[in-house]
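Subject: Structure for your attention

Dear colleague,

Please find the structure below, followed by a short account of what was found in it. I would be grateful if you would read the two side by side.

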Amino acid sequence: MINVTPDGIMASVRKIREMSPLIHNITNYVVMNTTANALLALGASPVMAHAKEEVRDMVSIARALVINLGTLSQPWVESAFMAAEEATARNVPVVIDPVGAGATPYRTKVFRDMILAFPPTVIRGNASEIMALSMESATTKGVDSTDPSHQAIEGASRLNKELGSVVCVSGEIDYVVHGADVATIRNGHPMMPRVTGLGCTASALCGAFAAVQPDAPRAVAEAMAVMGIAGEMAAEDAPGPGTLQVRFIDALHRLEYSHITKLLKVGGKS
Amino acid sequence: MINVTPDGIMASVRKIREMSPLIHNITNYVVMNTTANALLALGASPVMAHAKEEVRDMVSIARALVINLGTLSQPWVESAFMAAEEATARNVPVVIDPVGAGATPYRTKVFRDMILAFPPTVIRGNASEIMALSMESATTKGVDSTDPSHQAIEGASRLNKELGSVVCVSGEIDYVVHGADVATIRNGHPMMPRVTGLGCTASALCGAFAAVQPDAPRAVAEAMAVMGIAGEMAAEDAPGPGTLQVRFIDALHRLEYSHITKLLKVGGKS
Amino acid sequence: MINVTPDGIMASVRKIREMSPLIHNITNYVVMNTTANALLALGASPVMAHAKEEVRDMVSIARALVINLGTLSQPWVESAFMAAEEATARNVPVVIDPVGAGATPYRTKVFRDMILAFPPTVIRGNASEIMALSMESATTKGVDSTDPSHQAIEGASRLNKELGSVVCVSGEIDYVVHGADVATIRNGHPMMPRVTGLGCTASALCGAFAAVQPDAPRAVAEAMAVMGIAGEMAAEDAPGPGTLQVRFIDALHRLEYSHITKLLKVGGKS
């Protein structure tokens, strides 16, 4: 059973605000500014670094590593592999966000190679990304359901069995899959997918929570709950996604226990 | 005659919202976030991808390709050429935004080489960029006017004759030039040039409209009209360009037929 | 004595608004958009360019060069050296922002090598960055104080003696160090460090002021005062750092003499 409670979420948020853990991001050009701002607003310390000459040193002082190759190219892929290797050796939690897996063979292969070489603590993607990554690990493509989220949860479960990684399938409902346990988070707002990079922000927040909460499935579920709750706070009366993006950062900064108790919508099974 | 009407604009906007066409952007670091957000707010699906290993695959699933090398370097130039070649072969509409053409010999040459190698569907730039690109194609520099916009329109016309591309000269008044036809769009707000990258956003929107409107001059004029109208909506009571940037994204999301009928200011000759 | 007055600040702001000096930025991916917007809002003309093929040409038309390698990699380092060399040869003011100096040996070495090879007009960093850069130049590590800002000011003074560069240590109080003179600026707001890249923006503004004010220590002190004043204007009633980031840009655009006379808090010694 993945234990997601207002008290647990608030305890993690307080730890992030007090310890200000350094989160090392190797992430894409589109979201660097908003990812850094989200981590700062929550209370963490972001750093973006990808040079081969320093990537291992940066991992060595970080409390989590978040890899998101949304605008990948070969030099970045190589640095990401080096960073993942170093983090694995040092037991620094690693979050991998397989942006666009399935869209091109190159992306799918890079992400597949990376998770096999260095099984991460957490994989977070949308349904099609998780299905693309997991298809390759399926002995049969075994699609016994026409419900895409059902297929994605099965894919997440296969990836979890294969690698041991906590797998999060995010969407209208977020699913956090680990062993027989599945937590479901029903927070969020329909306007959120109209803001670029909130999925990338979710992965960065998974890193921040994993830096202070050693129970990884719980850290991921807490991060996704905070994403959804901040999104709901930001969407209230927002005339469009421009305003939502700005207020989302404000909401991470303003977040208090009362918001969580009022808004949290979680469930699960084990 | 380039036909720009509220009904036509709204029909294109509705198609973008319904079909959510994938727009492949090879664009600069400064504007990636705002370009992606503008396309999402309008209803399109942006993707940013530049790796040689995937750029052809990405073009093959895209409905338009937008190339904007505002922060160019050699690897990006090579990828952009590959993408332009693939898009041309597949009849995917291509928009080229020659950011900073004329500022350095390298930029001017890269953009000139690119439009000669793969004449795009659309070229959109400001007056000095279009003049820089077209000067090189003029047998005489033939500057028979001291009015810079007149010179730029002549340059646009030369480029159009040479390449067949629809050429848009944007500024206080936007001109869309194709054959003997010139559409003029008088929408927009004086604060818009104080926000970085709205020109780049205009080029991305040209891509989105070209994805749903096969009449390219009309697609470009519609995109520029929507830019200007959204800018006017955003500038109303805005205390500065920071707020304008946020509200511009909101305006693309909120845009309705009534805004267009109320605000549209177009003219033209043929 | 570094002369910082409301009249002097406003005179520089007016010159920037009238002349719109071209500021060439070789800066990091995280802040490119916000840096460009801050420069535009203030009245300057930003350009971002890093290709070896054009970096010298761009410097040749710029009124200041700002180098900020927050997301450095080897190709960018090489371009930055070329640009610094060209700017030095042409007497174009150079601002170096040593982001993350001290965090990894690679960063510290790159920045140290750069300031030794091409002593810049201005170095602006936080206390730990300035200490990291200056430690390497200290014959003894001479830390005779447990007050980190005291150490940083000593480090700034050592760097200034070694290189002749005006050195700014920014933080809750900003110190501008040149020879025996130290200006202190007590403007700003505690929420500002929760917005990513405002330090980078400060460096870019130092470039804009240095482009119109040939007295470099004064240009830097004026830029830092405007940063702090705009930050205070932006923070008023701001619910969080998302809103602060947007309103900060608005504030640079709105800035008038009355804001400066009302809010300026400077001191100094010589």
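Among contacts in chain A between residues at least 6 apart in sequence, what percentage join residues at least 24 apart? The share is 73%, where two residues are in contact if their C-beta atoms, placed from the backbone, lie within 7 Å.

Two remarks on conventions come before the rest. This is a predicted model, in which local features need pLDDT of at least 70 and side-chain atom pairs count only at pLDDT 80 or more, while totals for chains, interfaces and linings use all residues. Residues are numbered from 1 along each chain as its sequence is written, and chains are lettered from A and ligands numbered from 1 in the order in which they are written.

Chain A

Chain A contains 11 helices and 9 strands; helices (H or I, at least four residues) and strands (E, at least two) are DSSP runs, numbered from the N terminus. Its C-alpha atoms fill a box of roughly 45 × 45 × 35 Å along the principal axes. For 270 residues, a compact globule would have a radius of gyration near 18 Å, and the 17 Å of chain A agrees with this. That radius is taken over C-alpha atoms, and the globule rule is 2.2 Å times the number of residues to the power 0.38. Of the 270 residues in chain A, 64% are buried. A residue is buried if 20 or more other C-beta atoms lie within 10 Å of its own, exposed if 12 or fewer, and partly exposed in between, with C-beta atoms placed from the backbone.

Strand β6 of chain C

In chain C, 5 of the 5 residues of strand β6 (residues 166-170) are buried, so this strand is largely enclosed by the rest of the structure. C:V166, C:C168 and C:S170 lie buried on one side of β6(C), and C:V167 and C:V169 are buried on the other.

Two strands pair if DSSP finds at least two bridges between them. Strand β5 (residues 122-126) of chain C pairs with β6(C) in the parallel sense over 5 bridges, and C:R124 has C:C168 as its bridge partner. On β7 (residues 174-178) of chain C, the pairing with β6(C) is antiparallel, over 3 bridges. There, C:C168 has C:V176 as its bridge partner. A hairpin is formed by β6(C) and β7(C), with 3 residues between them.

Yours sincerely
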